[in-house]
Amino acid sequence: MSESAKGILSSAFPIHLVDELIASYQEARSNFHRGGHRLSAVEGGRFCEAAFRILQDIITGSHTPIGENLDTQKVIDQASKEPKTRHPKSVRVYIPRALRVVYDIRNSRNAAHLADGIDANLQDATLVVSVLDWVLSELVRLSKGSTPEEAQKLIAELVTRQVPGVQDFGNFQKVLRTDLRASDRVLVLLYRRGSQGVRYPDLHQWMPNTMRSNLRRTVRLLDAKALVHWTDETVQITFAGQRAVESRGLLEPR
């Protein structure tokens, strides 16, 4: 599918709401991957503000302007009363209820610690980003009639992780950590690219001259450890590779 998630959503919903929806989604995802769990929950609330307005627009043909107070319960009640023949159950029930969970975490829990001393930020943020993934995929699917698999693939393409340790110079990605060995440099570069992966020739170009001659061997070893997946000329990071980057603190510049 050549169309982008933003393009599909913009064809069905107001562009300013789509912009807000995607910006807050990407920020929540970026914060989550970098360990900013409280900020992920906050951005989740911002995402809900946009998504509730999109629901309003679906149901009534108009929406509360951004910046004005939004009565989310009214939107939920309106959606639940819609005829089954007019809107699918996702619009009437599932999306509103999912958004309410995220919205309440942001407002009631305030992404703070539980009174018993347990840090709830990670568990809250994990729930928030999972719900955001589902809601955004569902809106893409509903707006274009695509399959869940197609919608999820489009959503994955939105996530280019923000990595302070990598600076973007157009067609060149420069790793700012001079202390990293070749395998770690590869992981950091792939982490930033997310599901897009990197063409091997580009990866080769982005590596220092001293690391290029053995790059194929480096990538093969990472593939053997299931930290990357190398197919044809494209290299992608795996879930295990993502966890390795995050747990070892490879994201920040020094």
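This is a predicted model: local features need pLDDT of at least 70, side-chain atom pairs count only at pLDDT 80 or more; totals for chains, interfaces and linings use all residues.
Although Ala-226 is not a glycine, its phi is positive, at about 65°. Most residues other than glycine have a negative phi.

Asp-232, which belongs to the loop between S4 and strand S5 (234-237), likewise has a positive phi, near 55°, in a residue other than glycine. Asp-232 counts as exposed, because its relative accessible area is 70% and the cut-off for that class is over 50%.

## The packing of H8 against H11

Helix H8 (residues 182-193) packs on helix H11 (residues 215-224) at an angle of about 70°, and the two axes lie 10 Å apart. That angle makes H8 roughly perpendicular to H11, and the crossing of the two helices is right-handed.

On the H8 side the contact is made by Ala-182, Ser-183, Val-186 and Leu-187, while H11 contributes Leu-215, Thr-218 and Leu-222. Sorted by class, the contact of H8 with H11 comprises five nonpolar and two polar residues, with no charged residues.

## The protein as a whole

The secondary structure of the protein consists of twelve helices and five strands, and 46% of its 254 residues count as buried. Of the contacts between residues at least 6 apart in sequence, 59% join residues that are at least 24 apart.

The accessible surface of the protein amounts to about 12,800 Å², and 49% of that surface belongs to carbon and sulfur atoms.

Methods: Residues are numbered from 1 along each chain as its sequence is written. Side-chain values use heavy atoms; hydrogens and water are left out. Axes are lines fitted to C-alpha atoms, for helices over the stretch in contact, and angles run from 0 to 180 degrees between N-to-C directions. Helices (H or I, at least four residues) and strands (E, at least two) are DSSP runs, numbered from the N terminus. Angles under 35 degrees count as roughly parallel, over 145 as roughly antiparallel, 65 to 115 as roughly perpendicular and the rest as oblique. A crossing is left-handed if the near helix is turned anticlockwise from the far one by less than a right angle, and right-handed if clockwise. Contact means heavy atoms within 4.5 Å. Ala, Val, Leu, Ile, Met, Phe, Trp, Tyr, Cys and Pro count as nonpolar, Asp, Glu, Lys and Arg as charged, and the others, Gly among them, as polar. Buried means under 20% relative accessible area, exposed over 50%, partly exposed in between (1.4 Å probe, protein chains only). Accessible areas come from the Shrake-Rupley method with a 1.4 Å probe; for residues, only the protein chains shown count as cover.
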